[in-house]
Amino acid sequence: LLLWNNIHKKDSKISLVRTAYYQLKNTVRIIAPEKVILVDKLHELHKSKRKLIKEINQEYQKVNGKPNDDLISSNRKDMSELNKLIKFLEK
């Protein structure tokens, strides 16, 4: 559990190879399943944020036609909400 916490704290430089990480994850899931759920949820939120950033960048890079400002605005609003949720969950 100590290793799990150290891996997932902010600015941690600790990493494991994939197989070792999954072994640790399965062990922590037995001891403290809420920690694994939290990390999985944070990972999904970060993936969603990257997807929104990619969509915004694609709109700005349109060659023909002007970018869809409504889509960009909506994505930025969603990204702001994701950032708030991520900060809340990381505490």
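**Entry 1: helix H4**

I am working from a predicted model, so I keep that in mind throughout. I started with H4, which runs over residues 69-90 and has 22 residues. From first C-alpha to last it reaches 31 Å, close to the 32 Å expected at 1.5 Å a residue.

Next I asked which residues of H4 are buried. I found Ile72, Asn75, Met79, Leu82 and Ile86. They sit on the same side of H4, because they cover an arc of only 85° around the axis. A reminder to myself: an α-helix has 3.6 residues a turn, so residues three or four places apart point the same way.

Then I turned to the face of H4 directed away from the buried side. There I noted the exposed residues Asp70, Lys77, Lys84 and Phe88.

**Entry 2: what H4 packs against**

Which helix do the buried residues of H4 pack against? I looked, and the partner is H3 (33-60). I took isoleucine 72 as an example and set aside its neighbours within four places in sequence; its contacts are then Ile56, Glu59, Tyr60 and Pro67.

**Entry 3: the cores**

I listed the largest nonpolar core and got eight residues: Leu42, Leu45, Leu52, Ile56, Ile72, Met79, Leu82 and Ile86. H3 and H4 each supply at least two residues of this core. Another core lies apart from it, with seven residues, including Leu24, Val28, Val36 and Val39.

**Entry 4: aromatic rings**

How many aromatic pairs does a search of the whole structure find? I got two. In one, the ring centres of tryptophan 4 and tyrosine 21 are 5.5 Å apart and the planes are at 25°, so I logged this pair as stacked. The pair links distant parts of the chain, with tryptophan 4 in helix H1 (residues 2-7) and tyrosine 21 in helix H2 (residues 18-31), 17 residues apart.

Tyrosine 21 also pairs with tyrosine 22, and that pair is edge-to-face, at 5.8 Å centre to centre and 80° between the planes. I wrote down Trp4, Tyr21 and Tyr22 as one aromatic cluster.

Tryptophan 4 counts as buried at 1% relative accessibility, and tyrosine 21 counts as buried at 18%. Tyrosine 22, at 43%, counts as partly exposed.

How values were computed. Residues numbered from 1 in each chain as written. Predicted model: local features only at pLDDT ≥ 70, side-chain atom pairs only at ≥ 80, totals over all residues. Heavy atoms only, no water. Helix = DSSP H or I, 4+ residues; strand = E, 2+ residues; numbered from the N terminus. Expected span 1.5 Å × (residues − 1). Buried < 20%, exposed > 50% of the residue type's maximum accessible area, 1.4 Å probe, protein only. Arc of directions from axis to C-beta. Contact = heavy atoms within 4.5 Å. Core = buried A, V, L, I, M, F, W, Y, C linked by side-chain atoms within 4.5 Å. Phe/Tyr/Trp six-rings, centres within 6.5 Å; stacked < 30°, edge-to-face > 60°.
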